[in-house]
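Here is a short tour for anyone who likes to read a model with the coordinates open alongside. Take a look at the structure first, and then follow along.

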Amino acid sequence: METITLEKYGHIISDSSLGGSILNDISSALSKGKAVTVDFQNVISMATFCSKQIFGSLYIRLTPQVFFDKIRMVNASSDMKIIVRLGIEKALSDQEVLVS
Amino acid sequence: MNIKLPRNFVNYNCIPEFLSEMEIMFKLKGKLKPDVVFDCTKIRKLSSLGALLLYKSMDYSIHNNCFTNPEINGNELFLESAWNHYGFSKYLKGYVKPTNSSDFNGYLKFELTDKFVIAPQPLSRKEHNQVNKILQTKFTPILNEFYSNEEEAVRMIFGCVSEIIGNFWEHANDDTRSLLVAEGNRKYIEITCADNGKGIISTMRNSGKYKSSSSSEYLLRKALTKGVTSKPFSSHMGYGLWIIDQIVSLTKGKFFVYSEGVYYGNNAGKELMKKCGFWKGTIIYLFLPIDNPVLVSQVVEKELLRKNDILLNFG
C-alpha cells in the first residue's frame, strides 16, 4: 500500500499540471501492483476539471471494481467527496458519448 | 487624444464607461499614434479593479505599438500611492513617465482601509508551478488569517478562484500576461482577472460548434451554460463559469464577464447581457459576500445522477 498525500502537492488543487503530477504518481504506484491511499488531509479545494483529470480518468482506465479495490481515499471532506464523484461521472458521460 | 478614466474606478459599474473609452486602443494596433494621454484627472476612487484595468490597457498599448510615448495625466501622489497599495509599482516601472501636469486638483489622498489586498498575480499558463505557489503562499495565509473562523468562506473563495484560473487557462492560452487581483474585508472579497488573449467569444466561435452567424451575446451565454466547453472530451467539463454564476446567485454576490464587445452580469441573481466597448480578451469581476458561504459541492451535488452506481472507497 502506498500513500499519496495531496497536501504535498498543495492545499488547492487547481491546475492541470498539478493534476497531471498527482495522476502520474498514483498511476506509477498502481503500476507496481500496489494499492494506493489518497490522503485529502488539509486540501481546501479542488477544481472540478482536476477531479475529472485525476479520478475520472483512473476510474475509466482501471474499471469500477479495480478502482474500488485499489484506491482508498481518506480524510476527504464531504465537499471533496462530491467533487471526486462529479469528476468520475463526467468522465463516464464522455466515455458513453465516445462509445455511442 | 485623451482617454478618460472613470471618476469612481472601483467596480463593475464603471467598466462599460471604461471600455467605451478604451476600445479605440484595439483599433490602433501597430499605428503608434502620438499624443495620447491616459487622463486620470477625474479619478477620485480607485480599487484593485481600476488599477488592474488601467495597467492592462497600458501594457497592451505598449506591447502592440498602439501609441507613441503615451502619458498618464493625473494626481501623481494619488496614483503612486494607489500603485504601491495594489502592488502595481513594479509592473509600471518603465511605463509611467512623470508629467508636469497643472491639472492636479490639489492633493488627493489615497485612503488605506482595513481591507486586505492581494497584489497582481500572473496567471501564465507556462507557469503552473508559479500559480500553485501563489495560491499556497499568497492567498492561503491571507485568507486563513482574515477569515480565521470562516472555514466555509475560505473554501468557497478557493473553489471560485480555482474555477476562474482554470477558465482563464482555457480561453487565454495565447496570452502569457493574464493577471488576477483581489481585495476584501471581513464582509466580502472582490476578485478581478483580465487578459488580452483570445477571449471567450473568439474561443467559442472558433470551436467549430456554433454557426458563424451566432451573435456574441449568444456565444457568451453559451460559455456560461453548464456543461458547455470549447474543449469537449478533455478534463474540462464546462462547469467553471456556471458554478461561479450559481454561487453568486445563491450568495447574492456579483459576477460580471466582459469579452470582445459584450458582457454578462449577475447582480444578486438578476442577470443581464449587453453590448459594451470592445476589449480584446476577457475581464472577469467577482464579488462574493462572506456571510452564508455556498460551497462548490453544494452547487454540483444535484448534478450527481449516479450516486448509487459508483462505489468509492472513502474508508
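Let's begin with Phe40(A), which sits in the loop joining β3 (36–39) and β4 (45–46) of chain A. The model is a predicted one. Phe40(A) has 20 C-beta neighbours inside 10 Å, and therefore counts as buried. Leaving aside residues up to four places away in sequence, Phe40(A) touches Leu6(A), Met73(A), Val74(A), Asn75(A), Ala76(A) and Met80(A). Phe67(A) is 27 residues from Phe40(A) along the chain, and 17 Å separates their C-alpha atoms.

Next comes a helix pair. In chain A, the axes of α2 (residues 48–62) and α4 (residues 78–99) come within 7 Å and cross at roughly 60°. Because of that angle, α2(A) is oblique to α4(A). The crossing is right-handed. The table shows which residues make the contact.

| Helix | Contact residues |
|---|---|
| α2(A) | Thr48(A), Ser51(A), Lys52(A), Phe55(A), Gly56(A), Ser57(A), Tyr59(A), Ile60(A) |
| α4(A) | Ile83(A), Val84(A), Leu86(A), Gly87(A), Ile88(A), Lys90(A), Ala91(A), Gln95(A) |

Sorted by class, the contact of α2(A) with α4(A) has eight nonpolar, six polar and two charged residues.

Over in chain B, an open sheet of three strands runs in the order β1-β3-β5, with parallel pairing. β1 (2–4) and β5 (71–73) of chain B are at the edges with a single partner strand each, so one side of each has no neighbour in the sheet. From one strand to the next, the twist averages 25°. Strand β3 (residues 37–39) of chain B pairs with β5(B) in the parallel sense over three bridges. Asp39(B) has Asn73(B) as its bridge partner in β5(B).

Methods. Residues numbered from 1 in each chain as written. Chains lettered and ligands numbered in written order. Predicted model: local features only at pLDDT ≥ 70, side-chain atom pairs only at ≥ 80, totals over all residues. Axes fitted to C-alpha atoms, helices over the stretch in contact; angles between N-to-C directions. Helix = DSSP H or I, 4+ residues; strand = E, 2+ residues; numbered from the N terminus. Parallel < 35°, antiparallel > 145°, perpendicular 65-115°, else oblique. Left-handed = near helix turned anticlockwise from the far one by under 90°. Contact = placed C-beta atoms within 7 Å. Nonpolar A, V, L, I, M, F, W, Y, C, P; charged D, E, K, R; others polar. Buried ≥ 20, exposed ≤ 12 C-beta atoms within 10 Å, placed from the backbone. Pairing = 2+ DSSP bridges.
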